[in-house]
Amino acid sequence: MAWPSGVFYFLLLVWNAFYIPKDLRKYHGAEHKVFSFRGVKAMYNARKIKQAKITNRYCSTNLVVVYFSSIILLTLLLLFFYSLDEALAIASYGSLVLAPIVNTQLNRQGMKFVREVVLKISYYLQEKITTAEPDAFHIRTAIRSYRRLALKEFPSELREQEKPKKEEKKMAIVDITIIPIGTDGPSVSEYVAEIHKVLETYAEKYTISLLR
């Protein structure tokens, strides 16, 4: 018994979506590493960039996963009303509209479960099929490409972030309050004068020590 033509059509779609030459997979991996790296995307950080994650949360592989998942789910539903060939055809064209809509809604709070499933599958595909560990040449090419884009779109990513300045220490100010207790009158001028002389003595000593 021959397989329905719709099955071959579906397999051809899968082949076209996931067959990527090795060199292109290396460029794809280098692109992911550049975007994953948190520091300045520059040649002097090439070694660190090469150690960054090869998976990317916002990779287009997410859309591919949503698209083929939509085809499978819609086909299963349409089998109640159409033949397999017809169900696959309708689901394939319908998913061209449905998949982009679902993909743009993945970051909504109510889509958390769907997002986690899609990302789990997407990360696996990124690691095993759509990317490959890049060589130094691919990393350098990805850095140059990123910098050209960043010059126009987000130039702040091309320079080191300034570290916050440490709080400067301030000199304390002493406030002296004199309250007369056990004196013959309310006047405290003579006591203030004596204290003022003592403070001047310390001030003179402190100034001299600083000059030395």
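Here is a short chat about some helices of this predicted model.

Visitor: How far apart are the end C-alpha atoms of helix α7 (residues 136-153)?
Guide: Good place to start! Helix α7 has 18 residues, and at 1.5 Å a residue it should span 26 Å. The model agrees with that, because the end C-alpha atoms of α7 are 25 Å apart.

Visitor: Where on α7 do its buried residues lie?
Guide: Let's list them: His138, Ile139, Ala142, Ile143, Tyr146 and Ala150 are buried. Seen down the axis of α7, these residues fall within an arc of 135°, so they line one face of the helix.

Visitor: And which residues are exposed on the other side of α7?
Guide: Buried residues of α7 are covered by elements including α2 (22-36) and α3 (46-50). On the other side of the helix, the exposed residues are Arg148, Leu151 and Lys152.

Visitor: How many nonpolar, polar and charged residues are in the contact of α4 with α6?
Guide: The axes of α4 (residues 61-78) and α6 (residues 112-130) come within 9 Å and cross at roughly 115°. From α4, the contact is made by Thr61, Asn62, Val65 and Val66, and from α6 by Val118, Leu119, Ile121, Ser122, Leu125, Gln126 and Thr130. Sorted by class, that contact has six nonpolar, five polar and no charged residues.

Notes. Residues numbered from 1 in each chain as written. Predicted model: local features only at pLDDT ≥ 70, side-chain atom pairs only at ≥ 80, totals over all residues. Heavy atoms only, no water. Helix = DSSP H or I, 4+ residues; strand = E, 2+ residues; numbered from the N terminus. Expected span 1.5 Å × (residues − 1). Buried < 20%, exposed > 50% of the residue type's maximum accessible area, 1.4 Å probe, protein only. Arc of directions from axis to C-beta. Contact = heavy atoms within 4.5 Å. Axes fitted to C-alpha atoms, helices over the stretch in contact; angles between N-to-C directions. Nonpolar A, V, L, I, M, F, W, Y, C, P; charged D, E, K, R; others polar.
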